[in-house]
Each structure stands twice: as structure tokens, then as C-alpha cells.
Amino acid sequence: MVKLYNTLSKKKEDFKPLKKEVGLYTCGPTVYDYAHIGNLRAYIFEDILKRTLYYNNYKVKHVMNITDVGHLTSDEDTGEDKIEKSAKEKKKTAWDIANYYTDAFKKDLEDLNIIPPDVYVKATETIEEQINLIKTLEKKGFTYQIKDGIYFDTSKLRDYGELANLKKVDLRPGARVEIKEKKNPTDFALWKFSKPEEKRQMEWNSPWGRGFPGWHTECVAMSHKYLGIPFDIHCGGVDHICVHHTNEIAQSKAAFGENLSRIWMHGEFLNLKDEKMSKSKGGFVTLNSLKKENISPLSYRYLILGTHYRSPVNFSKDSAESAESGLKNLQKRISELESGTGDVSPYYRERFLNAINDDLNTPKALETIWVLIKDDSLSDKIKRATVESFDRVLGLKLKDDRPEKIIPKEIDVLAKEREKARQKKDFAKADDIREKIKKRGYLIEDVESGYKIKKNDQ
Ligand code: AMP
Ligand code: ZN
């Protein structure tokens, strides 16, 4: 039985899916810059969750949003839209910025051996659904209009703030009420009006005026569209508890009369000198900057798995270097094992399951691998088979049949599209798709029987 800590109930619960297929929604990146390794910690935790569910024979439908509009520089619904700001600074269009950093993000996930979601959905692709959600909220009396947009009236919801244990009188201590016209400090923007003095690149018509949706609305509209509600698990980093997820729950309860998700899970921060790594505070470390220091993405993954997802990690160069040598050492020990197929050790499998099914206890799971490797009573073949089985959850590429040889679904879909274009003799389109595939790190080769896809190793 898988046990997961639910931020909503504040306890570990036995996991029972609502339907045959587990519905999983994870808040995705705001694509205005490269992801830093703190952001990537959140996606590693979610990958372990998904792989643990697979390992326990669950089917999973995983949806992740790409925030390409509506996330402002301040949680107080003021400040600039992050994408528009980045576009101005880099002298690019907002659409180019979003596309560029979305591709960079997908490449990071691939380097970290994170299984991509079944559905990626951009906020800009669901504007209609978001407008419809706001209309429903309006009809039910939860909205009001002020000068700069349509807001959600949090005082209309009896249990607003239950996820974060917010108290009505003392909501978010220290929260500044920057928008004077707001009725309550916790009220949040559902739709913001474009300011007449600044020409936005991303804006749409709506029943209330031209503008763009608020960040908290997109996740409700998208998860509702692709998973139906309620679904099983909703994840993000701990910084989402107080505002973003609290406001998602508020909209869902107001519009549909029920919570969006049954379980809410949150990953702790990656800190730098005891402070949350963040884009604004400097000390911004990316996977590419780690690579330059000879720390591989998988070593970073190994470092993250060494701490439980609900405990903070203090990142330092020393810890990264020791993870690099730790993983190399483990790989070396595994490569020295005699090859051949054996059975998975039932004792170690149970020990591993007890760790990973106990709210994703990855430090204990890693410890189990080390104890197993050093256990002289087991044959090499059993050790190899057992490690390979555990690696389905850990994703450290501990076996020869590496997942990098498996072609991601997204590439496969593109290749099929290209083949169709070729058959219709639309060679311009076919070439375009070939380039797209190449940009994602794969090469496509035409052979007599059709085509072959391989990883571009240069
Ligand atoms: P963003 O792209 O800013 O929307 O954030 C993407 C994800 O990274 C969210 O789930 C955040 O909660 C998470 N996150 C942001 N900073 C950190 C950090 N320093 N450590 C761990 N997770 C983080
Ligand atoms: Zn979200």
C-alpha cells in the first residue's frame, strides 16, 4: 500500500485512487527564463511519485501546465507579467520567449531522466476555458470588478485557506494590500485588464474587457478539462501552499462545489546558504552551469534523492561533488557485477517497497541499494536484477538498457506526423518536423522499411 502525505489533511494517508487511472496534475514552469535547480527539485520529486505509482502497477494520467501568461512578478496581483517583462528585456516577442524556455525546460527534464507528462498544456491554449470558469464564478456571485480587473471575493467562501491553515482574521501575516480597492487582502485576480498605457503582446477579449487571465485560474481550467474533478493528486513546491494552491481550491469549490484534488503534495525547497534558491535573489544555478562544473544531471538527481522530499536541501558545491562521486561509485559497483539475468531478491524488494511506499522515502531506498550491493550472500545476477528493478523508480540509469534508448512519446508522435507529410509529398513540412526533432536531441533516418529514430549524441 502506498502512503502519501496530504498537505490538506496534514497526515500520511493510504493511497486509494478514485478511478482505474490515477489523475495527477503538477504545476509546471513559468517559461520566462531557464529553470534553476531548485525548480527542478520539484519535478524530480513528482517524477519519483509517478514512478512509484507505476511500480505499484497503477496507470497514471499526468497533466502539466506551461505558464506562458498571467504569472506576475508579485503574488499580490501587482507587478509585471513575467513573460512580457522578459520579452522586453531580451527584445524578443513574448511568444518566442515562451517557446524558447519551454523547449529548454523539456530538455532539462530529459537530462534528469524525468518521464514527460502525458499532456503538456499551455495557459494560452485554454483562454476560452478560463473565461468560462470566471463566468461560472461570476454567476455564482464570487466575483467583483475593480479598476484593474475581475477579482475573487475570498470572504464568500466559508473555508477559504484550509490548505494553509489560514485564519480569517490573520490571513498571511505581513501581506501587504497593494491594491487598495480589493475587498479582502486575500482576494485575487481572475482576469486583469490590459493597461491602456502599456501595449501587451499577449491579450484577449473577454466579456469584461481586453486583458489576460490570472495565474491561479489556469490550473483549475486545465486540470478540470483534462482530468475532470475531483482527481487524485495535485503537486507543487511548498511556496504554492499559501497562495497559488489555496486560490485554486477556492475557485474549484466556488465553481464546482468540490475540491479540485483529493490529495495535495508539496516538495520542500532547495536552499542556498539556508535561503530558498530563487531567480530574484541571485545564486541562480542551472543544470547547464552544473554540467560546466562536471556535475552531471543524474548526479544532481542522485543528490536530491538523498533527502526526503519534505525536508529542505542545502545545496553546495561540496554536496554536488560528493553526489557525483557517489553515483559514479555506485555505477562502477554495478558494472562490475557479473552479467546475466537473475530473479529480483524478494527480501530486498520488500525492503525497497517499504521505503518508497512510505511517502516516497528515497534516502532509505538508496540505502537499500547500497546494502544490497555489499551483501555477499547474494549472487551477482540477483543483485543486478534487483538494482535494475529498483531503478524503474529511482531513474538513475543504473542498467545497461538505459531509458535514453527509449524514444520519448513526443518524438514518436512528431516522427509519425513527418512520415504522413512525406507520404503526401509535403517535403517542406517533413523537413520542418525533422528540424524540430533534431532540436529535441533526436535524429531521424529514412530507411527502406520507413524510418529510424536515434538519440543525437553529438
Ligand atoms: P515557477 O517556474 O516559478 O512557477 O516554479 C516551478 C516550480 O518550482 C514550482 O513547483 C515551485 O514551487 C518550485 N520551486 C521554486 N523555487 C524552488 C526552490 N528553491 N526549491 C524547490 N522548489 C522550488
Ligand atoms: Zn498551478
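Two strands are said to pair if DSSP finds at least two bridges between them. Here, β3 and strand β10 (residues 231-237) are joined by three bridges and run parallel, so by that definition they pair. Please keep in mind that this is a predicted model.

**The sheet**

- Five strands form an open sheet in the order β5-β4-β3-β10-β11, and their pairing is parallel.
- The edges are taken by β5 (119-122) and β11 (261-267); each has a single partner strand, so one side of each is left without a neighbour in the sheet.
- On average, and ignoring direction, neighbouring strands of this sheet are turned by 20 degrees against each other.
- In the pairing of β3 with β10, Y25 stands opposite H234 in β10.
- Helix α1 packs on the sheet, where it touches β3, β4 (59-66), β10 and β11. The direction of α1 makes about 155 degrees with that of β10.

**The zinc site**

- Which protein atoms are donors of the zinc ion (ligand 2)? They are C27 (SG), C219 (SG) and H244 (NE2), and they lie 2.1 to 2.2 Å from the ion.
- Along the chain, these donors follow the spacing C-x191-C-x24-H.
- C27 and H244 link distant parts of the chain, being 217 residues apart. C27 sits in the loop between β3 (21-26) and α1 (37-55), while H244 belongs to helix α6 (residues 241-256).
- Are C27 and H244 buried or exposed? C27 has 6% relative accessibility and counts as buried, and H244 is buried too, with a relative accessible area of 1%. Both count as buried because the cut-off is under 20% relative accessible area.

**The nonpolar cores**

- The largest nonpolar core has 66 residues, and those with the most contacts inside it are I37, L49, I233, M265 and Y300.
- Helix α1 gives the largest share of this core, nine residues.
- Leaving aside neighbours within four places in sequence, Y300 is in contact with several residues, among them I37, R41, I44, L112 and F315.
- There is also a second, separate core of 49 residues, which includes M202, I241, A250 and L260.

Definitions and conventions
Residues are numbered from 1 along each chain as its sequence is written. Chains are lettered from A and ligands numbered from 1 in the order in which they are written. This is a predicted model: local features need pLDDT of at least 70, side-chain atom pairs count only at pLDDT 80 or more; totals for chains, interfaces and linings use all residues. Side-chain values use heavy atoms; hydrogens and water are left out. Donors are N, O and S atoms within 2.8 Å of the metal (3.2 Å for Na, K and Ca); water is not among the atoms, so sites may look incomplete. Helices (H or I, at least four residues) and strands (E, at least two) are DSSP runs, numbered from the N terminus. Buried means under 20% relative accessible area, exposed over 50%, partly exposed in between (1.4 Å probe, protein chains only). Axes are lines fitted to C-alpha atoms, for helices over the stretch in contact, and angles run from 0 to 180 degrees between N-to-C directions. Contact means heavy atoms within 4.5 Å. A nonpolar core is a set of buried Ala, Val, Leu, Ile, Met, Phe, Trp, Tyr and Cys residues joined through side-chain atoms within 4.5 Å.
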